[in-house]
Amino acid sequence: MLRQERENMIKFLSRVKEMSNDKLMVLTDEDLEHLYSRTYTTHEAYEEVM
């Protein structure tokens, strides 16, 4: 994973899930991608309903 991709995922998760950057920084790339995918899918579905 590129560094910029990781930074963007962390920014998105900290904004949407209100998680601290410190907690997100220690996740592995795989864990971060999994959390991001689940959150992004849910967020997009919610936005479509609105």
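The model is predicted. Two salt bridges are counted, and a search of the whole structure finds three aromatic pairs. The largest nonpolar core has seven residues in all. Helix α1 spans residues 3-16, and helix α3 spans residues 29-49.

**Salt bridges**

- Side chains of opposite charge can pair when their charged atoms come close.
- Arg6 forms a salt bridge with Asp29, with 2.7 Å between the closest N and O atoms. This pair links distant parts of the chain, 23 residues apart: Arg6 sits in helix α1 and Asp29 in helix α3.
- Arg6 is buried, because its relative accessible area of 17% falls under the 20% limit.
- Asp29 has a relative accessible area of 32%, so this residue is partly exposed.
- Glu7 forms a salt bridge with Arg3, and here the closest N and O atoms are 3.0 Å apart.
- Both Glu7 and Arg3 belong to helix α1. They are four residues apart, about one turn of the helix.
- Arg3 is exposed, because its relative accessible area of 68% is over the 50% mark. Glu7, at 31% relative accessibility, counts as partly exposed.

**Aromatic pairs**

- A pair of aromatic rings is described by the distance of the centres and the angle of the planes.
- The search of the whole structure gives three aromatic pairs. In one of them, Phe12 and Tyr36 have ring centres 5.4 Å apart and planes at 70°, so the pair is edge-to-face.
- Phe12 lies in helix α1 and Tyr36 in helix α3, so this pair ties together parts that are 24 residues apart in sequence.
- Phe12 counts as buried, at 10% relative accessibility. Tyr36 is partly exposed, with a relative accessible area of 22%.
- Tyr36 also pairs with Tyr40, and that aromatic pair is stacked: 5.6 Å centre to centre, with 20° between the planes. The stacked label applies because the angle of 20° is under 30 degrees.
- Tyr36 and Tyr40 both lie in helix α3, four residues apart, about one turn of the helix.
- Tyr40 counts as partly exposed, at 36% relative accessibility.
- Phe12, Tyr36 and Tyr40 form one aromatic cluster.

- In soluble globular proteins, nonpolar side chains tend to be buried together.
- The largest nonpolar core is made up of Met9, Ile10, Phe12, Leu13, Leu24, Leu32 and Leu35. Helices α1 and α3 each supply at least two residues of this core. The largest share, four residues, comes from α1.

- Thr39 is found in helix α3.
- Thr39 counts as buried, because its relative accessibility of 9% is under 20%.
- Thr39 touches Phe12, Leu13, Val16 and Lys17, not counting residues up to four places away in sequence.

**Surface and spacing**

- Tyr46, Val49 and Met50 form a nonpolar patch on the surface. Together they have about 400 Å² of accessible area.
- Val49 has its place in helix α3. Val49 is exposed, with a relative accessible area of 70%.
- Asn8 is found in helix α1. Asn8 is partly exposed, with a relative accessible area of 42%.
- Asn8 and Tyr40 are 32 residues apart in sequence. In space they are 12 Å apart, C-alpha to C-alpha.

Key:
Residues numbered from 1 in each chain as written. Predicted model: local features only at pLDDT ≥ 70, side-chain atom pairs only at ≥ 80, totals over all residues. Heavy atoms only, no water. Salt bridge = Lys/Arg side-chain N within 4 Å of Asp/Glu carboxyl O. Buried < 20%, exposed > 50% of the residue type's maximum accessible area, 1.4 Å probe, protein only. Phe/Tyr/Trp six-rings, centres within 6.5 Å; stacked < 30°, edge-to-face > 60°. Patch = residues over 30% accessible without salt bridge, like charges linked within 9 Å, V, L, I, M, F, W, Y side chains within 5 Å. Areas by Shrake-Rupley, 256 points an atom, 1.4 Å probe, with all protein chains shown as cover. Contact = heavy atoms within 4.5 Å. Core = buried A, V, L, I, M, F, W, Y, C linked by side-chain atoms within 4.5 Å.
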